[in-house]
Amino acid sequence: MNIEELRNFCMSLKGAEEKLPFDDKTLVFSVKGKMFCATDLEDYELINVKCKPEEAIVLREQYADVLPGYYMNKNHWNSIKASTSIPDKLICEWIRGSYNLVVAGLPKKLQRELE
């Protein structure tokens, strides 16, 4: 998955926004102000996605190209190598799972705005 495909997929999710909140190279995708995916625009080596803690561990054990979240809470975030052989479809599932996890943690009022 190249960076353009990543951006297109993330922005296809309802209410998704893209920002550079930390610096001029860290692209963050969020919903209602909460991050669900991030990557580096300059080197595009890793894609960060949020996971349930137990799922994060399983994915790291199952895939060599899934690592503890780089610069993230390692209990809740995984980093996927962008140059991986993991199918794009599976990466998209993980990004959608991250999005859904973030949406589920939003106040009910904000969740309803996304329906």
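Student: Leaving aside its neighbours within four places in sequence, with which residues is Thr84 in contact?

Tutor: The model is a predicted one. In it, Thr84 is in contact with Asp65 and Ile91 once the neighbours within four places in sequence are set aside. Thr84 itself has its place in the loop between β6 (77–81) and α3.

Student: Which polar contact does the side chain of Thr84 make, and what lies 3.0 Å from a polar atom of that side chain?

Tutor: The partner of the side chain of Thr84 is the side chain of Asp65, at 2.7 Å. The backbone nitrogen of Ile86 is what lies 3.0 Å from a polar atom of the Thr84 side chain.

Student: Is Thr84 buried or exposed?

Tutor: A residue counts as buried if its relative accessible area is under 20%. Thr84 has a relative accessible area of 14%, so it is buried.

Student: Which residues does Cys37 touch, not counting residues up to four places away in sequence?

Tutor: Cys37 touches Leu6, Cys10, Leu27, Val28, Phe29, Ile47, Asn48, Val49, Trp77 and Ile95.

Student: How many aromatic pairs are there, and what is the geometry of the pair that Phe36 and Tyr99 form?

Tutor: The count comes to 3 aromatic pairs. Phe36 and Tyr99 form one that is edge-to-face, with 5.4 Å centre to centre and 85° between the planes. Since Phe36 lies in strand β3 and Tyr99 in helix α3, the pair ties together parts that are 63 residues apart in sequence. Phe36 counts as buried because its relative accessibility is 0%, and Tyr99 likewise counts as buried, at 8%.

Student: What is the geometry of the pair that Tyr63 and Trp94 form?

Tutor: The pair of Tyr63 and Trp94 is edge-to-face as well, at 5.3 Å centre to centre and 70° between the planes. This pair links distant parts of the chain: Tyr63 is in the loop between α2 and β5 (66–68), Trp94 is in helix α3, and they are 31 residues apart. Tyr63 counts as partly exposed, at 23% relative accessibility, whereas Trp94 is buried, with a relative accessible area of 9%.

Student: Where is Leu13 placed, and which residues does it touch, not counting residues up to four places away in sequence?

Tutor: Leu13 is in the loop between α1 and β1 (16–19). Leu13 touches Phe36, Ile95, Arg96 and Tyr99, and it is buried, with a relative accessible area of 4%. Sequence distance and spatial distance should be read side by side. Leu13 and Val28 are 15 residues apart in sequence and 14 Å apart in space, C-alpha to C-alpha.

Student: What volume does the largest pocket have, and which lining residues are the closest to its centre?

Tutor: The volume is about 380 Å³. Of the 14 residues that line this pocket, Thr26, Asp40, Asn48, Tyr70 and Tyr71 are the closest to its centre. The elements giving two or more residues to the lining are β3 and β4, and β3 gives the most, with 3 residues.

Key
Residues numbered from 1 in each chain as written. Predicted model: local features only at pLDDT ≥ 70, side-chain atom pairs only at ≥ 80, totals over all residues. Heavy atoms only, no water. Contact = heavy atoms within 4.5 Å. Phe/Tyr/Trp six-rings, centres within 6.5 Å; stacked < 30°, edge-to-face > 60°. Helix = DSSP H or I, 4+ residues; strand = E, 2+ residues; numbered from the N terminus. Buried < 20%, exposed > 50% of the residue type's maximum accessible area, 1.4 Å probe, protein only. Polar contact = N/O pair within 3.5 Å; in protein donor to acceptor, adjacent residues only side chain to side chain. 1 Å grid on protein atoms, 1.4 Å probe; cavity = no way out; pocket = protein on both sides within 12 Å on 5 of 7 lines; lining within 4 Å. Points joined across faces, edges and corners; volume = space filled by probe spheres on them.
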